[in-house]
Amino acid sequence: MLAVIGGTGLSQLGNLDVSHREVLRTPYGEPSGAVTFGQIAGQPVAFLARHGYGHTIPPHQVNYRANIWALHHRGALGIISVASVGSIRADLKPGDIVVPNQIIDYTWGRKGSYFEGQGAKVTHIDFTEPYDRALRAMLVASAGEIGLPICDGAVYGATQGPRLETAAEINRYERDGVDIVGMTGMPEAALARELGVPYAAISVVANFAAGRGDSRDGISFEAIEGVLVESMGHVRAIIERLVTRGNPARS
Ligand code: HPA
């Protein structure tokens with residue numbers, strides 16, 4: 001079964017034929033909300049809204065451990081994370097869809113590991129490639145098959161939020177090699193790796209990052225909402241293609 005975690009702009013999967021919802025408890029507390037189970041094109045899919053169904057949980061307060069644990073526990077063999085991002089690069093414009101291949105983590109104070117607490121063995125994971133290579137490739141291929149242009153590969157900078165960045169911070173991130181910034185990519189990706197669940201991300205550019213492009217003098221929230229509505233339709237189409245073409249998360 002494939003699982004999808006939806007972010008801002010994707011609080012439900014319109015093309016999911018819903019069978020039921022489950023409220024799950026985990027050793028790490030409660031997930032952001034009930035997990036919705038159903039089918040897309042006859043294939044089983046689970047969906048979880050990262051910020052809660054009423055969009056009430058800010059990025060730094062999402063219980064990432066509970067979310068990933070719950071999806072793993074209910075049999076997710078792959079997780080697609082959908083999230084909106086700001087673009088630092090002039091060639092990545094609002095509305096564009098990006099499948100990142102690297103991460104730099106600027107977040108702090110989040111519970112980012114299952115391997116902690118009394119009696120837990122010190123455990124390190126390999127995170128050289130933070131996203132699952134095969135799942136990424138399938139996402140890219142799925143977009144290509146339905147004729148949707150996407151950017152294959154980018155460095156995702158995970159910022160703390162909930163405030164947006166300053167222009168100087170964005171300049172610093174660019175010097176670091178960051179292409180896009182978002183607030184939820186970490187520790188989600190690392191937690192999935194700790195549990196051995198293939199994880200890949202679809203990032204939707206909602207706006208130019210602070211100080212860039214038409215965000216030179218500030219970021220317009222109204223503009224962001226309009227962009228997301230259209231692009232999330234494209235994201236749904238990519239996911240539908242992914243589950244119908246056969247994927248490593250099948251069954
Ligand atoms: N910065 C961080 N996260 C975001 C942005 C941004 O500009 N846009 C959407 N998510």
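Reader: How many cavities of 30 Å³ or more does a search of the whole structure find?

Author: This is a predicted model, in which local features need pLDDT of at least 70 and side-chain atom pairs count only at pLDDT 80 or more, while totals for chains, interfaces and linings use all residues. Residues are numbered from 1 along each chain as its sequence is written, and side-chain values use heavy atoms, with hydrogens and water left out. A cavity is a set of points, on a 1 Å grid over the protein atoms alone, where a 1.4 Å probe fits but cannot get out, and with a threshold of 30 Å³ or more the search of the whole structure gives two.

Reader: Which element gives the largest share of the lining of the largest cavity?

Author: The largest cavity has a volume of about 60 Å³, a volume being the space filled by probe spheres set on grid points that are joined across faces, edges and corners. Lining residues have an atom within 4 Å of a point, and among them here are Arg50, Tyr131, Tyr199 and Ser203. The largest share, four residues, comes from β11.

Reader: What is the volume of the largest pocket?

Author: A pocket is an open set of grid points with protein on both sides within 12 Å along at least five of seven lines. The largest pocket is lined by 29 residues, of which Thr8, Ser84, Leu164, Met183 and Ile224 lie nearest its centre, and α5 supplies the largest share of that lining, with five residues. The volume of the largest pocket is about 630 Å³.

Reader: Which side chain has an N or O atom 2.8 Å from a nitrogen atom of the ligand?

Author: Polar contacts are pairs of N or O atoms within 3.5 Å, and backbone N or O atoms lie 3.4 Å from a ligand nitrogen in Ser84 and 3.3 Å from a ligand nitrogen in Gly86. The side chain with an atom at 2.8 Å is that of Glu165.

Terms used: Polar contact = N/O pair within 3.5 Å; in protein donor to acceptor, adjacent residues only side chain to side chain. Helix = DSSP H or I, 4+ residues; strand = E, 2+ residues; numbered from the N terminus.
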